[in-house]
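Subject: Structure handover

Hi,

Here is the structure I promised to pass on. Please open it beside this email and follow along.

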Amino acid sequence: MSSSLIPERPLLVSPSLAATIGLEEACMLSLLSDMAAYRPLVARDNHDWLDLDETLITRAMPFWSAQDIQRISKNLRDQGIILLASAPFTESGKLTIAFNDGERTRKPIENTRPLPIINMGGGANLIAPNWQPDQELLRQVAQHNIPEDFVRQQVPEFITYWRERGETSHSWGAKFLKDVLHKWRNHQTQMARHARENNEEFLNREKDIAMHMSWRPSKDALEVLVKHANISYAFVEDAIPEFVLYWQERGEVGRTWNSKFIQHVKRQWVRYSSALENDTEPKRIPENWQPSNEVFDVLRLAEIKIDFAQKQVAEFVLFWRESNQLYASWNTKFLQHVKYHWAKQHALTTTAQPPFTQQGNYHAGQQPNHSASSTRDRSLVQDLTDRSWAQ
């Protein structure tokens, strides 16, 4: 067989090393180690330095461009695996490197792992950016029945935390073991709680129940509406009595009351938001004021009769004209007013209060208190979350 048909010497790369420092970095480290075995080294500053010119590097690494060689060698230097004394490869066409193992040696290091710590003297060390638990530490962790995948997931956060603190330690393995045990216990506690909650929720979903006066949406439903849909918590609370009344009168039973409530509140919120006036400057209510069409859309969604709301307009305008108060959104105020009277008519409030005060109600036989704080002191957010009608 012709010698030209014999394939060139294969490149050997440690899988664990590639997983630790990167595949390209592990490939270059293996090649540099091979070249260090037969190239002359120069002893300087307690290290053996290897000088490689562009011709030799191109022959050994034909699959990389000059930019790739510069990038990968810089990555090896940044990880503390090699020392790099030459100018950038794209400018100088040279690599002058030494292996950062603290020894002057010409032995190949193709299968060695990078040092796990940076020596700071005195036995205590800073944690290296590429630190990894060794096999002995992994065996100790495994004795606590902790999955290796879980252990590996904790490494980046552990390294980041201690590098930001800049502290040294005699044994990062011991610190890591303590940290993993603590996080595993917390993880097991959370999993047990979630399993219990999910089991309870599953059992509740399996039961057909009728709507009742004490019904409330679940914690998950409230989180969907308030946290994820950014709906005012006060608005959600105000929607509960209407929702309960509607479904209680229909006498239906079901398993998806929370889903129905979420859909109900989202529809109301869209209409409610569009009903807000764009002008945020407080002003006196006009003599011929009428609620916008969006207000009646909100009331329809709340199952409040439109003729009932229309009957409230004249008294509403008269009161606020006489009180001479200023508001940025009379639509919002009117919605609160109608909802209060509708809830009162259906006996959903625990304490019946008269129609208006400076916050939206007044007591029979009393005149508005014009010395109360001006509505200019109230923000639009306060108007949105004003729940005095439901007190």
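Start at the ring of Phe-235. The charged end of Lys-339 sits over that ring, 5.1 Å from its centre. Keep in mind that this is a predicted model.

Both of these residues also touch Gln-268. Find Gln-268 in helix α11, which covers residues 257–275. Is Gln-268 buried or exposed? Its relative accessible area is 0%, so Gln-268 is buried, because buried means under 20%.

**The cores**

Nonpolar side chains tend to be buried together in soluble globular proteins. The largest nonpolar core here has 42 residues. Which of them touch the most other members? They are Phe-261, Val-265 and Leu-299. Several helices build this core. The elements that give two or more residues to it are α9 (219–228), α10 (233–250), α11, α12 (293–301), α13 (306–323) and α14 (330–345).

Take Leu-299 as an example. Set aside its neighbours within four places in sequence. Leu-299 is then in contact with Ile-304, Ile-306, Ala-309, Leu-335 and Val-338. Another core lies apart from the largest one. That other core has 26 residues, including Ala-18, Ala-26, Leu-31 and Ile-72.

**The aromatic rings**

How many aromatic pairs does a search of the whole structure find? The count is 25. A pair of rings is described by the distance of the centres and the angle of the planes.

First, look at Phe-63 and Trp-64. Their ring centres are 4.8 Å apart. Their planes stand at 75°, so this pair is edge-to-face, because the cut-off for that label is over 60 degrees. Phe-63 is partly exposed, at a relative accessible area of 47%. Trp-64 is buried, at 13%.

Next, go to Phe-316 and Trp-330. Their centres lie 6.3 Å apart and their planes are at 80°, so this pair is edge-to-face. The pair links distant parts of the chain. Phe-316 is in helix α13 and Trp-330 is in helix α14, 14 residues apart. Phe-316 counts as buried, at 0% relative accessibility. Trp-330 counts as buried at 1%.

**A hairpin**

Now turn to the strands. Strand β1 (residues 41–44) pairs with strand β2 (residues 47–53). The sense is antiparallel, over four bridges. Which residue is the bridge partner of Arg-44 in β2? The partner is His-47. Together, β1 and β2 form a hairpin with two residues between them. Asp-45 sits in the turn and has a positive phi of about 55°.

**The whole chain**

Last, zoom out. The chain has 391 residues, and 39% of them count as buried. Its secondary structure comes to 15 helices and 11 strands. Residues 24 or more positions apart account for 68% of them. The chain exposes about 22,700 Å². Carbon and sulfur atoms supply 50% of that area.

Best wishes

Methods:
Residues are numbered from 1 along each chain as its sequence is written. This is a predicted model: local features need pLDDT of at least 70, side-chain atom pairs count only at pLDDT 80 or more; totals for chains, interfaces and linings use all residues. Side-chain values use heavy atoms; hydrogens and water are left out. Buried means under 20% relative accessible area, exposed over 50%, partly exposed in between (1.4 Å probe, protein chains only). Contact means heavy atoms within 4.5 Å. A nonpolar core is a set of buried Ala, Val, Leu, Ile, Met, Phe, Trp, Tyr and Cys residues joined through side-chain atoms within 4.5 Å. Rings of Phe, Tyr and Trp (its six-membered ring) pair if their centres lie within 6.5 Å; planes under 30 degrees apart count as stacked, over 60 as edge-to-face and the rest as tilted. A charge sits over a ring if NZ of Lys or CZ of Arg is within 6 Å of the ring centre and within 35 degrees of the ring normal. Two strands pair if DSSP finds at least two bridges between them. Accessible areas come from the Shrake-Rupley method with a 1.4 Å probe; for residues, only the protein chains shown count as cover.
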